[in-house]
Amino acid sequence: MNTAPSSASATRAFLRDLRSRKVALVSFTVLLILVAASIAVIPLADLTAKQDIGMRLQPPAWLPGDGTTWLGTDQLGRDLGLRLMAGIRTSLTVGVLAVVLGFVLGTAAGVCAGFYRGWPDRILGVTADVQLSFPSLLVAMLLVRVLGGGVTTLVLIFGFTSWMLYMRMARSLTLTICQASYMDAARAIGAGGVRQVFSHVLPNILPSMVGIGLLEIARLVLAESSMSFLGLGLSPPAVSLGIVLADGRGYLEGAWWISTFAGAVLLLLVLSVTLSGRWLQERSDPLGR
Amino acid sequence: MAKYVLARVSFFGMVILGATFVVFLVLHGLADPARIALPIGSTDEEVDTFRDEMGLNDPFLVQYLRFIANALQGDFNNSLWLGGSNIDIVLDRIPVTLVLALVAIGIAGLVGVFLGMLAALRAGTWVDDVISGIGYALTSISDVWLSLVLILVFAVNLHWFATSGFGLDPRLVVLPVLALALRPVGQVTQVTRAAMLGVSKQEYAILARAKGMPRLRVAFVHLLKNAAPPILTFLVYEMGRLFAGTAVVVESIFAWPGVGSLAVGALERGDIFLIQTLVVVVAVIVATLNLFADVLHMILDRRIVRQG
């Protein structure tokens, strides 16, 4: 693996692998459908937020009762289906942006540590290990309490508390790459540190780290929903799956569909992201780590 | 050996100091702690008086060092919300969370190892597919949703258990423990399966089979012994994660008076001194569990290396 494969044959290899793994195919498809649905309701923002007390707490149309909507309505008469799809968008936005932030921070730190070794490696390593031992949920909730909730705050909090994982992985991958002969060759023809990193190290480590990114998105989507449920994450008028879960908590005996469907959609989302991420991870790491 | 112990102990200290420093920084540096602690409508006068009384006007480092000095003597100030000594309040609540986490980890260990071994022994068959699928599904479930669904099905509809509340009888204990344990079951299953498959490729396993030892005996006598270190250490790490993470949600939903629900309450009410105490205590507990896991790993690894 001395040079990156051309993009055409890489695409063909990707599609072939994809076809031969039915589970991964299904999970990617489900994920795409969910994302498409969440984007499709953007122009329906008014309809999603429309409250109608006369329509409150209606069961789904396919259950006994006088419901007319697909998944029922919540305590303010809002269409649950529309709210859930908007919720997917918010939860995924937080997850994706936070992972991008953490990924950039962590990969930069990891490549630095692996490439330069010595003091940068030791300091970054200890910092990462110490921060990994923090009770991160508590710290995150504290930060939300102090700084206020909201998408931006959550993205920053999650990003700055999750970089360690990417750092460790980038570091170990960089260490491996640095021993390859093409790195000696690059140095021999006079490539400086920056050029070595950007032309050789990064292109070779990034594909292996995409899978981890997806798995982290799944973890952060779950974290956001727990925090929002407890009132220490996102709050109304924002819509997230955690918020809808909280909405339905008081109605478990009556309008059980609110929390049940919110969590089911959450499960579907997280599961499809996890399986897709796991497949990508296995595919990129020959040892199946 | 002594060097290793010294390094680990100083790391332990760094974790505690680091966590408390971050919390202090957030509470006192990123915001006005007096505003957080006092109700929203407080006048500027009340806020200033509070600041004077609590020594919040002193420089940041002075406050931090005072906090550390007091903490080392066991003084964590009093709770603004509950009154009374913070450290006593927190220590009172630890047993509840500890019991919850221990039982959950116990269940996760037993069920997870069993399922993981089963999947590994039947790797590649439908049994493996089903178990792995269950494993993924369990690790993807939201703790919130799991708790709510358990309540909905088993308490509200079937009336087998109570919907919430703390006590030591089955009607109150089963659901919270299940809610806390099911996700770790999925994770332990995955870890066990991977560990078992990993060691089954080792030479001693292949040799045992070649000598004609039945598969199950190989599995229990050789494989499990060698797969045990990563599984056991994972269980201990996971217990730390439960303590500081999932327990918060489960305790809140089932109204159990543990450390997690205390944290939510303290955060909601802006009880800054209780929050500081909680972070110290939880950090110590988690760091201790991690230390224990590391030492366990070291001991188990040495024994394996010696026995070969």
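Predicted model: local features only at pLDDT ≥ 70, side-chain atom pairs only at ≥ 80, totals over all residues.
Q: What is the area buried between chain A and chain B?
A: The contact involves 37 residues of chain A and 43 residues of chain B. Carbon and sulfur atoms give 81% of the buried area. In chain A, the residues that lose the most area to chain B are Leu138(A), Leu142(A) and Arg145(A), together 16% of what that side buries. The total area buried between the two chains is about 3,500 Å².

Q: Which element gives the most residues to the side of chain A that touches chain B?
A: Helices of chain A that give two or more residues to this side include H5 (118–132), H6 (136–147) and H9 (193–229). Helices H10 (241–249) and H11 (257–284) of chain A also belong to that group. With twelve residues, the element that gives the most is H11(A).

Q: How many residues on the side of chain A that touches chain B are nonpolar?
A: Sorted by class, this side has six polar and six charged residues. Across the interface of the two chains the rule finds zero salt bridges, while six residue pairs are in polar contact. The number of nonpolar residues on the side of chain A is 25.

Q: What is the volume of the largest cavity?
A: The structure holds one cavity of 30 Å³ or more. Its lining takes Leu138(A) and Leu142(A) from chain A, and from chain B residues including Ala263(B), Leu267(B) and Ile275(B). At least two lining residues each come from H6 of chain A and from helices H11 (259–269) and H12 (272–307) of chain B. The lining is made of eight nonpolar residues, with no polar and no charged ones, and the cavity volume is about 60 Å³.

Q: Why does the pair of Asp121(A) and Arg171(A) tie together parts that are apart in sequence, and how many residues apart are they?
A: A search over all chains finds 15 salt bridges. One of them joins Asp121(A) and Arg171(A), with the closest N and O atoms 2.7 Å apart. Because Asp121(A) lies in helix H5 of chain A and Arg171(A) in helix H7 (residues 151–178), the pair ties together parts whose separation in sequence is 50 residues.

Q: Is the peptide bond from Pro236(A) to Pro237(A) cis or trans?
A: Pro237(A) lies in the loop between H9 and H10 of chain A. The omega angle of the bond from Pro236(A) to Pro237(A) is near 10 degrees, and the bond is cis.

Note on methods
Residues numbered from 1 in each chain as written. Chains lettered and ligands numbered in written order. Heavy atoms only, no water. Contact = heavy atoms within 4.5 Å. Buried area = accessible area lost by both parts, 1.4 Å probe. Salt bridge = Lys/Arg side-chain N within 4 Å of Asp/Glu carboxyl O. Polar contact = N/O pair within 3.5 Å; in protein donor to acceptor, adjacent residues only side chain to side chain. Helix = DSSP H or I, 4+ residues; strand = E, 2+ residues; numbered from the N terminus. Nonpolar A, V, L, I, M, F, W, Y, C, P; charged D, E, K, R; others polar. 1 Å grid on protein atoms, 1.4 Å probe; cavity = no way out; pocket = protein on both sides within 12 Å on 5 of 7 lines; lining within 4 Å. Points joined across faces, edges and corners; volume = space filled by probe spheres on them.
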